[in-house]
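Student: I would like a close look at one kind of contact in this model. Please take me through it pair by pair.

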Amino acid sequence: MEPKKNPKSDVSRNSSIYFAVGLALMLAVTYLSINYKTHNKSDIALDSLNLDDELDEEIPITEQIITPPPPPPPPPAAPEIIEVVEDEEEVEETVIESTETEMDTEIVEVEEVEVEEVEEDIEVPFSVIENVAVFPGCEKKKGNTAKKACMNEKVNKFINKKFNTDLASDLGLPPGKKRIFVAFKVDKSGNITSINARGPHPGLEKEAKRVIGLLPKMKPGRQRGKAVVMPFSIPIVFQVQD
């Protein structure tokens, strides 16, 4: 039995295609309606700026003052009449002689000038000097060692004899052992020079210098056959009683 309807006139045959096209159109209309923007014409102000009035600046007209030139200086005064006086005095001219010698001038020979050698004061310590200074009374001692020992003994005896030991109590020093260090030099002539003392009181130092200054003249020390300066030092020790 054949169907009564024509298959080409069936509406439901392309329904899915129509649905998809309709859905796409709806989505497009929705997207355009959401993104559509409108502006209120009353909120937009169209102002114009006219700069012609501000650019036209009025420049004041100033008057140029012309300064008159300064008056000319007064004419110079007339010079005084100068009387010309004849110079009757004769001026002697100074003649400067030349210092250059002529070819014919004889040259005087200069004699040789002798330069005197100045001997320096050489100091040689007491411990290393070749020939020690000899104290009076030690001349018969043989050898440098014996003469050194003799000089130490003689100087100590001289100090013990001449030093005022009662001076310590007069100065009010406390009891006990007092020590004064004395240094001096025996020069090339055998004299005592450059005396220095260091002690517990200036009065004791003064007394030590006085005693050393009383030492007799000695035979000077010698080094390599020449008289030299010999330094010498010795301590002065004494006891202050209660």
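Student: How many salt bridges does a search of the whole structure find?

Tutor: The model is predicted. A search of the whole structure finds three salt bridges.

Start with Lys 185 and Glu 123. Their closest N and O atoms are 2.4 Å apart. Lys 185 sits in strand β1, residues 176-186. Glu 123 sits in the loop between α2 (52-55) and α3 (144-162). The pair therefore ties together parts that are 62 residues apart in sequence. Lys 185 has 24% relative accessibility, so it counts as partly exposed. Glu 123 is also partly exposed, at 42%.

Next, helix α3 itself. Here Glu 153 forms a salt bridge with Lys 157. The closest N and O atoms are 3.2 Å apart. The two residues are four apart in the helix, so about one helical turn separates them. Glu 153 is partly exposed, with 43% relative accessibility. Lys 157 is exposed, because its relative accessible area is 53% and the cut-off for exposed is over 50%.

Arg 210 pairs with Glu 207 in a salt bridge, with 2.6 Å between the closest N and O atoms. Arg 210 is partly exposed at 39% relative accessibility. Glu 207 has 10% relative accessibility. Buried means under 20%, so Glu 207 counts as buried.

Terms used
Residues numbered from 1 in each chain as written. Predicted model: local features only at pLDDT ≥ 70, side-chain atom pairs only at ≥ 80, totals over all residues. Heavy atoms only, no water. Salt bridge = Lys/Arg side-chain N within 4 Å of Asp/Glu carboxyl O. Buried < 20%, exposed > 50% of the residue type's maximum accessible area, 1.4 Å probe, protein only.
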